[in-house]
Amino acid sequence: MTDKKLLMGNEAIALGAIEAGVQVVTGYPGTPSTEALETILRYADRCGIYTEWSSNEKVALETAVGAAYSGAKVLVTMKQVGLNVASDPLMSLTYIGVKGALVLLVADDPGPHSSQTEQDTRAFGHFANIPVLDPATPQEAYELTKLAFELSHEFEIPVILRTTTRVSHSCGDVELAVAEPAAVEASCEGFVKDRRWTIFPRLTAERHPWLEKVQVQLSERFSELPFNSVLGNGKIGIIASGVSVLYAKEAVTHFEELFTIFRVGTVYPFPEQMVLSFLKGVNRLIVVEELDPYLEEQVLQLLGRSHLPVDVYGKKNGFFPVSGEYNVDIVIDGINKVLSVLGETSCISHASPAVLRGELPPLPIRAPTLCAGCMHRTVFYAFKKAAKQLKKDSQAAQTDTIFSGDIGCYTLGNAHPLNMVDTCLCMGAGMSIAGGLFRTNPETKHVAFIGDSTFFHSGIPAVVNAVYNGADVTLAVLDNRTTAMTGHQPHPGIGVTALGSASKVIDIADVVRSCGIEFVRAVEIDSRENSLENCVKAAKEAMEFKGPSVIVFKGKCVGITKSDKRYTIDHEQCTGCSLCVKQLGCPALFLSSGEDKPFIQDSCSGCGLCAQVCPSGAISIQEVRL
């Protein structure tokens with residue numbers, strides 16, 4: 001009996017995996033992929049699925065590989081930059097293969113909305129010889145997830161299910177095969193010793209021809225699947241994959257007689273036989289795809305080998321943007337460019353808006369910022385003060401301190417007025433970059449910031465390197481006891497697993513001591529009057545220490561723990577200096593246009609930092625919330 005539900009794309013993927021019989025699920029939080037594993041967590045106990053947030057994507061994949069070697073069906077979730085972290089074991093795994101089934105959910109982020117890069121996982125699959133499925137809707141995400149497990153088990157290789165932000169986070173009706181997930185089969189064959197599981201050059205040489213043969217077999221299989229389909233009978237072809245299919249279909253509404261749309265759901269290996277048949281029926285081809293010109297390159301190669309006289313219009317000849325997220329208007333503009341070149345009198349019109357665009361008021365500027373009361377703001381301000389004091393005290397002609405950031409909420413420390421992040425590259429890079437900056441700027445103080453979850457993800461090797469090579473850098477660990485930016489997932493420093501069971505707390509200070517750090521301090525951040533003073537003192541001592549030093553700042557994430565305090569400004573005592581507003585950048589502090597004194601909004605979370613920086617003592621606790 002089927003059941004229809006309104007589901008987010010990630011939820012549909014999770015339910016598809018459960019229906020496929022997934023037994024082990026691992027991953028690392030990363031927008032836009034996070035909700036898939038979190039959805040499985042809701043059913044984990046009932047269905048008997050082992051689920052974990054791993055310390056990073058590489059570990060998540062390797063854990064899943066062990067289970068797949070034993071015959072289990074496994075799912076690994078990550079965002080596109082997490083695939084970079086997991087790529088080392090993944091590249092070798094393609095040669096070795098699996099015994100059960102191993103599916104990787106990799107969520108790309110065109111735009112990007114919350115990522116460092118706009119990389120395209122379709123191209124990675126081509127590079128690594130890993131099949132890639134590319135759903136356009138939540139329904140297809142559900143169905144392609146089940147197909148991914150089938151293909152992985154049949155061909156004994158990992159399979160990538162690639163989504164984008166709009167597919168992962170959009171909602172739609174999904175027709176499910178079962179109304180409620182049932183318990184999965186708990187047993188699997190178990191690990192059987194075989195030379196196949198130990199990669200050596202000889203094994204790679206033996207398996208590479210097999211791997212290339214599988215690509216041909218998959219291409220032929222994909223040409224028979226309904227996820228690759230043709231709509232229309234016009235002489236101008238459009239080929240698209242993922243959510244771009246929906247944009248293309250909407251763009252040509254009422255102009256269907258001009259176009260034939262080929263929707264590619266299995267993007268790698270390319271379904272050449274079916275695409276070739278489609279190309280023989282058109283004389284012009286428009287390629288609609290976000291990010292890399294992957295489909296365009298595949299089509300151009302196929303046309304060249306087949307000697308077909310079909311002109312192609314895509315990114316490479318300037319008809320569509322080479323980067324960024326698409327929408328219907330962008331696709332309409334691109335198609336109209338092509339029609340203009342072709343001399344077509346028809347022109348696709350944009351949908352008429354309810355209000356003319358010229359009449360719309362400008363959107364307010366809403367720059368991202370740290371939450372009101374975030375402990376990170378206290379740490380940044382403390383280091384800012386400590387750096388100024390050290391520069392003032394120093395007799396040498398010292399340049400400003402260089403602050404290296406990392407990936408997390410605290411990346412927002414780069415914003416005005418804090419301006420405390422001078423570099424940010426990728427997860428765990430802050431301290432390593434600081435070590436390199438020290439080699440080329442030895443007279444400058446170097447401070448790196450890293451979050452607690454990022455520390456466990458990829459920060460520890462940089463600490464070891466700093467000790468080993470004697471880098472004179474300070475690491476500030478911002479420990480708010482959660483993976484805040486992606487939705488407050490647990491990590492090894494909390495003492496709770498993804499399934500909610502108790503685990504051993506791994507203390508960050510103990511870890512860095514075991515790495516050989518001699519200067520280690522732990523500082524509590526709260527609303528006490530001397531909290532900022534203690535932070536400044538510790539920061540200054542760490543920066544004065546010769547050699548690598550670490551301070552672990554411990555506090556609470558205001559997204560989880562709300563204070564019962566709220567502060568207010570006594571306008572009779574306030575001198576109107578606005579130092580609290582100009583130096584802290586707290587969104588709870590507000591200075592109205594035309595006013596000379598700020599006030600504190602209801603979003604105040606009671607951290608007390610503003611009270612500690614106010615030179616006139618005008619800020620105090622107004623009330624204690626019940």
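In the classes used here, Ala, Val, Leu, Ile, Met, Phe, Trp, Tyr, Cys and Pro count as nonpolar, Asp, Glu, Lys and Arg as charged, and the others, Gly among them, as polar. The structure described in this report is a predicted model.

**The largest pocket**

With that division, the lining of the largest pocket comes out as 22 nonpolar, 24 polar and four charged residues. The volume of this pocket is about 1000 Å³, and of the 50 residues that line the pocket, Ile 407, Gly 408, Cys 409, Met 485 and Thr 486 are the ones nearest its centre. Three helices, α4 (80-96), α13 and α15 (452-469), each bring at least two residues to the lining of the largest pocket, and α15 gives the most, with five residues.

Rolling a probe the size of a water molecule over the atoms shows where empty space is left. Searched in this way, the whole structure holds three cavities of 30 Å³ or more.

| Space | Volume | Nonpolar residues in lining | Polar residues in lining | Charged residues in lining |
|---|---|---|---|---|
| Largest cavity | about 120 Å³ | twelve | five | one |

**Aromatic pairs**

A pair of aromatic rings is described by the distance of the centres and the angle of the planes. The count for this structure comes to 13 aromatic pairs. In one of these, the ring centres of Phe 380 and Phe 449 are 4.7 Å apart and the planes stand at 75°, so the pair is edge-to-face, given that planes over 60 degrees apart are placed in that class. The pair links distant parts of the chain, since Phe 380 belongs to helix α13 and Phe 449 to strand β16 (residues 446-451), 69 residues apart.

**Packing of α10 against α11**

Helix α10 (residues 272-279) and helix α11 (residues 294-306) have axes that come within 11 Å and cross at roughly 70°, and the two helices are therefore roughly perpendicular to each other. Glu 272, Val 275, Leu 276 and Leu 279 make the contact from the α10 side, while Val 299, Leu 302, Leu 303, Arg 305 and Ser 306 make it from the α11 side. By class, the residues of this contact divide into six nonpolar, one polar and two charged.

**Backbone exceptions in loops**

Most residues other than glycine have a negative phi, and most peptide bonds are trans. Leu 291, which is not a glycine, has a positive phi of about 65°, and this residue is found in the loop between β13 (284-288) and α11. The peptide bond from Thr 31 to Pro 32 is cis, with omega near 15°, and Pro 32 sits in the loop between β2 (24-27) and α2 (34-47). Another cis peptide bond joins His 416 and Pro 417, with omega about 10°; Pro 417 is in the loop between β15 (402-404) and α14 (430-440).

Methods: Residues numbered from 1 in each chain as written. Predicted model: local features only at pLDDT ≥ 70, side-chain atom pairs only at ≥ 80, totals over all residues. Heavy atoms only, no water. Axes fitted to C-alpha atoms, helices over the stretch in contact; angles between N-to-C directions. Helix = DSSP H or I, 4+ residues; strand = E, 2+ residues; numbered from the N terminus. Parallel < 35°, antiparallel > 145°, perpendicular 65-115°, else oblique. Contact = heavy atoms within 4.5 Å. 1 Å grid on protein atoms, 1.4 Å probe; cavity = no way out; pocket = protein on both sides within 12 Å on 5 of 7 lines; lining within 4 Å. Points joined across faces, edges and corners; volume = space filled by probe spheres on them. Phe/Tyr/Trp six-rings, centres within 6.5 Å; stacked < 30°, edge-to-face > 60°.
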